[in-house]
Amino acid sequence: MYKINEVFETIQGEASYTGCPSIFIRLQGCPVGCAWCDTKQTWHTDDTYLVDLADTVEKKADSDYFANCTAEQILALIRDKQYQATHIVITGGEPCMYDLNPLCELLHEHGFSTQIETSGTFEILAPATTWVTVSPKINMRGGYKVLKSAMQRANEIKHPVAMMRHVEELEELFAEAGHTPELVYLQPISQKAKATRLAIEVCKAKNWRLSVQVHKYIGIA
């Protein structure tokens, strides 16, 4: 069973798939404790907040409410809503708290591509054809370590930065993993001007890429 906080169709606003029409499946539950998390409503899994799966579709506001459902029920919901996008982003929360193989395999069988957005602190249980975006959460209050296996599995890195220390921490992770993905994106935290300037300068120096959360600039989900 998967715990679903919300399902909605939008445009992906970050990293390699920026601009791609996407169906987002947001899973409930995350113990990592990222200080600048913008989806804190997904952290806890109190059954007091259980609702029907239909109530998770296109919420009007963030909430702690979630539904328990199977992969087949998720696919049925997507079909029922008649979404046009064929790319599905599984996010959270921390989606890799779950075995995502059954869900991703079912979606692939029905013509969808899949992407996971993860903190890299849990083993990634997903098909080889699923695109994995690791946004490494380092030294967060939950005490979870970024896994070497997650860094090695990543198709791309999307790293939030506000100061040079964040860049240095990322480079340490690459050294520990013995691997630097071809695609490394720096994402200024909260679109702050100082963080954006830093990200731009580092990207130029290291031939990395900039991710600017386009969806927030144009005011969509």
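User: Where is the place of Glu-201 in this model?

Analyst: Glu-201 lies in helix H5 (residues 193-206); helices (H or I, at least four residues) are DSSP runs numbered from the N terminus. This is a predicted model in which local features need pLDDT of at least 70 and side-chain atom pairs count only at pLDDT 80 or more, while totals for chains, interfaces and linings use all residues. Residues are numbered from 1 along each chain as its sequence is written, and side-chain values use heavy atoms, with hydrogens and water left out.

User: How does Glu-201 count in terms of relative accessibility?

Analyst: Buried means under 20% relative accessible area, exposed over 50%, and partly exposed in between (1.4 Å probe, protein chains only). Glu-201, at 48% relative accessibility, counts as partly exposed.

User: At what angle do H4 and H5 pack?

Analyst: Axes are lines fitted to C-alpha atoms, for helices over the stretch in contact, and angles run from 0 to 180 degrees between N-to-C directions. Helix H4 (residues 164-177) packs with H5 at about 40°, the axes being 10 Å apart. H4 is therefore oblique to H5; angles under 35 degrees count as roughly parallel, over 145 as roughly antiparallel, 65 to 115 as roughly perpendicular and the rest as oblique.

User: Which residues in H4 and H5 meet?

Analyst: Contact means heavy atoms within 4.5 Å. Met-164, Val-167 and Glu-171 in H4 meet Leu-198, Val-202 and Lys-206 in H5. By class, this contact has 4 nonpolar, no polar and 2 charged residues. Ala, Val, Leu, Ile, Met, Phe, Trp, Tyr, Cys and Pro count as nonpolar, Asp, Glu, Lys and Arg as charged, and the others, Gly among them, as polar.

User: How do H1 and H2 pack?

Analyst: Helix H1 (residues 71-81) and helix H2 (residues 101-109) pack at about 40°, with axes 9 Å apart. H1 is thus oblique to H2. Among the residues in H1 that meet H2 are Ile-74, Leu-75 and Ile-78; those in H2 include Leu-103 and Leu-106. The contact has 8 nonpolar, no polar and 1 charged residues.

User: Which residues of the largest nonpolar core touch the most other members?

Analyst: A nonpolar core is a set of buried Ala, Val, Leu, Ile, Met, Phe, Trp, Tyr and Cys residues joined through side-chain atoms within 4.5 Å. The largest has 52 residues, of which Tyr-2, Ile-4, Ile-78, Leu-100, Met-151, Leu-186 and Trp-208 touch the most other members. A second, separate core of 5 residues includes Cys-30, Cys-34, Trp-43 and Met-140.

Note on methods. Helices (H or I, at least four residues) and strands (E, at least two) are DSSP runs, numbered from the N terminus.
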